[in-house]
Amino acid sequence: TSQITKVLKRCWLMQNAELKRVVIALSFSTLRVSERAQITVADVIMPTGKIKDEIHLRASLCKRRKPRSIWLGRVAKHMIQEWIDYRKARNWATTFNNSYQGLNLSSKLVLNNRGRSYSMKRKTRINQNGDRVDYSACDVLELMIRNIYQRTGFKGCSSHSGRRSAATIMNSQGVALGVIQRTLGHSDPSMSLEYIDVLPEQLTEAAEMAF
């Protein structure tokens, strides 16, 4: 968690800090980069203006077209509100009524530094079974996230690092694997295990418990 705080603080020293902070916060809320680029205001904000506790991700947004839900914590909601205020101050996709905090409900939640939606690219990869899989990617947002981590001093990090860190933190706090699996949206618990790093203090504690 100290590393997360370090990244978020570092963002304040960069241009468009609110954009960078909300993107990082959504990453630690387990959203994939393509999901962050495509979720809309209505996905995240209620008509009353309240930020949702649970975001339902439509099948069209998700990997393998499998819908899932993610849950927002207090810090993530704070970053989202920060970003909403930033958008409203620049009149980016705003309306003349108070619903959805004055934002256009169908606009993307995350906009680029010009107030426009991020473009998505169709790509193809070969999975472990040798099958061809088509998917959507947001290279511009991916590069921005990598740059944030590099400038914070963390090498080799990507848009997936937030998801991995979230899984590792949940595991260290004793969250059951099934819950972590559901949070990440994995169909198989073995996939979630690959995201979890065992921390040194956990090994020390296990050794004490064993003998």
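This is a predicted model: local features need pLDDT of at least 70, side-chain atom pairs count only at pLDDT 80 or more; totals for chains, interfaces and linings use all residues.

I began with Ser 34: leaving aside neighbours within four places in sequence, Ser 34 is in contact (heavy atoms within 4.5 Å) with Leu 61, Met 120 and Ser 136. Ser 34 sits in helix α3, residues 33-38. Helices here are DSSP runs of H or I with at least four residues, strands are runs of E with at least two, and both are numbered from the N terminus. For the cut-offs, buried means under 20% relative accessible area, exposed means over 50%, and partly exposed is in between (1.4 Å probe, protein chains only).

Residues are numbered from 1 along each chain as its sequence is written, and side-chain values use heavy atoms, with hydrogens and water left out.

Next I went to helix α5, residues 74-89. Which residues of α5 are buried? I listed Ala 76, Met 79, Ile 80, Glu 82, Trp 83, Ile 84, Tyr 86 and Arg 87. The buried residues of α5 pack against α1 (2-11), α2 (17-28) and α4 (41-44). His 78 also lies in α5, but His 78 is partly exposed, with a relative accessible area of 48%. I also looked up His 78 and Lys 20: they are 58 residues apart in sequence and 13 Å apart in space, C-alpha to C-alpha. After α5 comes Asn 91, whose phi is positive, near 55°.

Then I zoomed out. I found 10 helices and four strands in the chain, in the order α-α-α-α-β-β-α-β-β-α-α-α-α-α. The radius of gyration (over C-alpha atoms) is 18 Å, close to the 17 Å that the globule rule (2.2 Å times the number of residues to the power 0.38) gives for 211 residues, so the chain is as compact as a globular protein of that length. Of the 211 residues, 45% count as buried. Among contacts between residues at least 6 apart in sequence, 52% join residues at least 24 apart.
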